[in-house]
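Please find below a note on the model under review. The structure is shown first, and the comments follow.

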Amino acid sequence: VWKAINVKNLETVAIKRIPFKNTGNLKVIEAEVNLLKKLNHPNVIEFKDIIITNSFCNIILEFIEGGSLGDTLKSSGKLDEYLVNQLIKQVLEGLCY
C-alpha cells in the first residue's frame, strides 16, 4: 500500500497496488472492489476509486494517518489497557458491520 496525493483535489489517499497474475487473480480483485464499494462505516476504510493499467489494479482508498496496528505495536511495545479496549471495540464494530 502506497501513500499518494490526488492531484485533482489534493486529498491524501492510500493506493493498494495489485499486480495482475492470472484470470483467477482478476476475479478476487473484482470481488474485493465490489465489496469495498458497498461498505460505509466509520471503522472501515472508504473506497475512493479504481485505476486499472495493463499490469496493475490500483485500488484508491481513504488514507488513515498513523500506519497499521502492527506498526503501532512494534514501535510502542506494550499498549495501555484503555487504548487496547478502544481498538478492539472499533475492530469488532467494523467486523459486525
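1. The model is predicted: local features need pLDDT of at least 70, side-chain atom pairs count only at pLDDT 80 or more, and totals for chains, interfaces and linings use all residues. Residues are numbered from 1 along each chain as its sequence is written, and side-chain values use heavy atoms, with hydrogens and water left out.

2. Helix α3 covers residues 81-96, and its end C-alpha atoms are 22 Å apart. At the start of α3, a side-chain oxygen of D80 comes to within 3.1 Å of the backbone nitrogen of Y82.

3. H41 belongs to the loop between α1 (23-38) and β3 (47-52). Beyond its neighbours within four places in sequence, H41 is in contact (heavy atoms within 4.5 Å) with E93, G94 and Y97. A polar atom of the H41 side chain also lies 2.9 Å from the backbone nitrogen of N43.

4. The charged end of R17 sits over the ring of F56, 3.8 Å from the ring centre. The criterion is NZ of Lys or CZ of Arg within 6 Å of the ring centre and within 35 degrees of the ring normal.

5. The largest pocket has a volume of about 460 Å³. Of its 16 lining residues, A14, I45, L61, E62 and I64 are the closest to the centre. A pocket is an open set of points on a 1 Å grid over the protein atoms alone, where a 1.4 Å probe fits, with protein on both sides within 12 Å along at least five of seven lines; lining residues have an atom within 4 Å of a point.

Note on methods:
Helices (H or I, at least four residues) and strands (E, at least two) are DSSP runs, numbered from the N terminus. The expected span of a helix is 1.5 Å times one less than its number of residues. A polar contact is a pair of N or O atoms within 3.5 Å; within protein, one must be able to donate a hydrogen and the other to accept it, and residues adjacent in sequence count only if both atoms are side-chain atoms. Grid points are joined across faces, edges and corners, and a volume is the space filled by probe spheres set on the points.
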